[in-house]
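Let's take a look at a protein together, starting with its core and then stepping back to the whole fold. Keep the picture open while you read.

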Amino acid sequence: MVKDVKVGSGEQLEPGDTATIGYVGKLQDGSVFDQGKYVFMFREGQVIKGDDIGLQGMRVGGERKLTIPPSLAYGDQGYPGSIPPKATLHFDVKLLHISRRPITAGYKSSNSPN
């Protein structure tokens, strides 16, 4: 499920773009498993499938709430230490910046399961 909180007015995110997002990731009970900034190439398999789907069509400055089922996240195995098996994930995401140049993906937070 994708819910726009604020529609951005900047450039629209396109496949292959380098995106910078700010995010807070929560479990079903509301506990935060990760937060920070992340830089990645959109639709290049550098994030979980639910993120690539949920960020589609966003514009810079936009904010969304994503609800991602286990099948589009970490599935039956979860992510050891932070995400239990079969977890539905909730993300509050803001698209901060787009670059049309490819980069090497990498979290800017130190507590990231991906």
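## What sits in the core

First, a term: a nonpolar core is a set of buried Ala, Val, Leu, Ile, Met, Phe, Trp, Tyr and Cys residues joined through side-chain atoms within 4.5 Å. Keep in mind that this is a predicted model.

Here, the largest nonpolar core holds 24 residues. Those with the most contacts inside it are Phe40, Leu55, Leu89 and Phe91. Which elements give two or more residues to this core? They are strands E2 (18-26), E3 (32-41), E4 (63-68) and E5 (89-99). E5 gives the most, with five residues.

## A pair of rings

A search of the whole structure turns up three aromatic pairs. One of them joins Tyr38 and Phe40: the ring centres are 5.3 Å apart and the planes meet at 15°, so the pair counts as stacked, since planes under 30 degrees apart fall in that class.

Are these two residues buried or exposed? Buried means under 20% relative accessible area. Tyr38 has 5% relative accessibility, so it counts as buried. Phe40 is at 0%, so it counts as buried too.

## The whole fold

Now step back. The protein has one helix and six strands, and from the N terminus on they run β-β-β-α-β-β-β. Among contacts between residues at least 6 apart in sequence, 66% join residues at least 24 apart.

Terms used. Residues are numbered from 1 along each chain as its sequence is written. This is a predicted model: local features need pLDDT of at least 70, side-chain atom pairs count only at pLDDT 80 or more; totals for chains, interfaces and linings use all residues. Side-chain values use heavy atoms; hydrogens and water are left out. Helices (H or I, at least four residues) and strands (E, at least two) are DSSP runs, numbered from the N terminus. Contact means heavy atoms within 4.5 Å. Buried means under 20% relative accessible area, exposed over 50%, partly exposed in between (1.4 Å probe, protein chains only). Rings of Phe, Tyr and Trp (its six-membered ring) pair if their centres lie within 6.5 Å; planes under 30 degrees apart count as stacked, over 60 as edge-to-face and the rest as tilted.
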